[in-house]
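Try each task before you read its solution.

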Amino acid sequence: MKQGTQQADEEPGHAQGAGKRLDAALTARGFTTWRLRVRAAAVLSVIVVGVSWFLLYRLTNVGGPDSVCDGAATAGQVHDVLGSGRISENKREKHSTMAASSGYGCSATVSSGLFETTRKTVWFAIALDTKGPHSLAAPDARLFSGGSVGSVTSQKAWALLPEGCDKGLRAEVETAGEGRDETRARLAVAFANRAAKANRCADQKLPMPQSLSAKGTEAAPNWAELCDLPGFAPAKDPEAQWPYQQQVTTASDPIWSCTITRRSLGSLPQTFAITTEPRTTALDQKEGARPSPYGRARQIGNETATELVVTCHGRDVFFSVDGGYEPTLDKRYLFPDQKDLVRQFLTAGGKAIGCEPIL
């Protein structure tokens, strides 16, 4: 009890001693009156508030926009893709409002860092495909599953707008860095749903992707089963001195693609693609189709790629063959017999997806 009483008696003394020391410190610095001390406290408070606001402004999005690019994405979705920081949008890149059928473009930037600012940007665009599905083929694509149509590559994610919107319309999300594939896939689908709502062209929303296929790995081709298609064995350039590499998507629906590359300067990759979703392109498969020398296949699109459409079990399927040559005067092909190349691809690719005989 004595010890407790003594300690209780000492505590006020300690407090008084601390107060005297504080008074002495303020007096030594010229704050000799109560009014001056109040002013000093007010100045310190302003400094603290200013520093806090500076930190909030530089490191967070406090006071910034809740959404960007006419509602293309929320601030939270932008942060999920680019990381934390202050969000701004570049409206100068807008070509139209998101309610337009295509041509929309806008970007959002996240700035972070106290003194040395780091900036990361995501671009939003609505594109209308008029070249044919071969333009969507990418050897490193990871495809959606779960009801939405789209894919993710190292820089771009895209999602086809829902049923009811114009054919060929897709929402694209592009970033400068790799990674966060699942996040970018979800952002592309959310953007597609918002674009459909702005266009008032769909009653049902696209479901979020449940998973992404694995990225295809580069490997030396098996010339007896090129692109992992049984029976696909076209004759390659007999004089080629450079090694070939192939990369094949690990999923086949709605888009399968294979790229054959010859490691020579300026050589354009040979790309094969099969697209089982007819809404990926705005090309008119009926009126724009022309007869071809390849059985039931009908020719569509431009002359830069062999774009063929075939009816498989009542549904239009696209077969695309593009590139595969060195851009010289004689246009030397990786596979010299182009007609045989297309015939074999239609036969082997048609069997792989269970299509009726094409040739």
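## Salt bridges and burial

A search of the whole structure, a predicted model, finds 12 salt bridges. The exercises take up some of them, then turn to contacts.

**Exercise 1.** Find where Arg170 and Asp129 lie in the chain.

*Solution.* Start with the pair: Arg170 forms a salt bridge with Asp129, with the closest N and O atoms 4.0 Å apart. Arg170 is in strand 9 (residues 169-175), and Asp129 is in the loop between strand 5 (118-128) and strand 6 (142-145). They are 41 residues apart, so the pair links distant parts of the chain. Both residues are buried. Last, widen the view: Asp129, Lys156, Arg170 and Glu172 are linked in a network of salt bridges.

**Exercise 2.** Explain why Arg184 and Asp181 are separated by about one helical turn.

*Solution.* Both sit in helix 4 (residues 181-199). They are three residues apart there, which means a separation of about one helical turn. Now check burial, which requires under 20% relative accessible area. Arg184 has 1% relative accessibility, so it counts as buried. Asp181 has 15%, so Asp181 is buried too.

**Exercise 3.** Decide whether Thr271 is buried or exposed, and list its contacts.

*Solution.* Locate Thr271 in strand 14 (residues 270-275). Its relative accessibility is 16%, so Thr271 counts as buried. Then leave aside neighbours within four places in sequence: Thr271 is in contact with Ala137, Cys258, Thr259, Ser320, Val321 and Asp322.

Note on methods:
Residues are numbered from 1 along each chain as its sequence is written. This is a predicted model: local features need pLDDT of at least 70, side-chain atom pairs count only at pLDDT 80 or more; totals for chains, interfaces and linings use all residues. Side-chain values use heavy atoms; hydrogens and water are left out. Helices (H or I, at least four residues) and strands (E, at least two) are DSSP runs, numbered from the N terminus. Buried means under 20% relative accessible area, exposed over 50%, partly exposed in between (1.4 Å probe, protein chains only). Contact means heavy atoms within 4.5 Å. A salt bridge is a side-chain nitrogen of Lys or Arg within 4 Å of a carboxyl oxygen of Asp or Glu.
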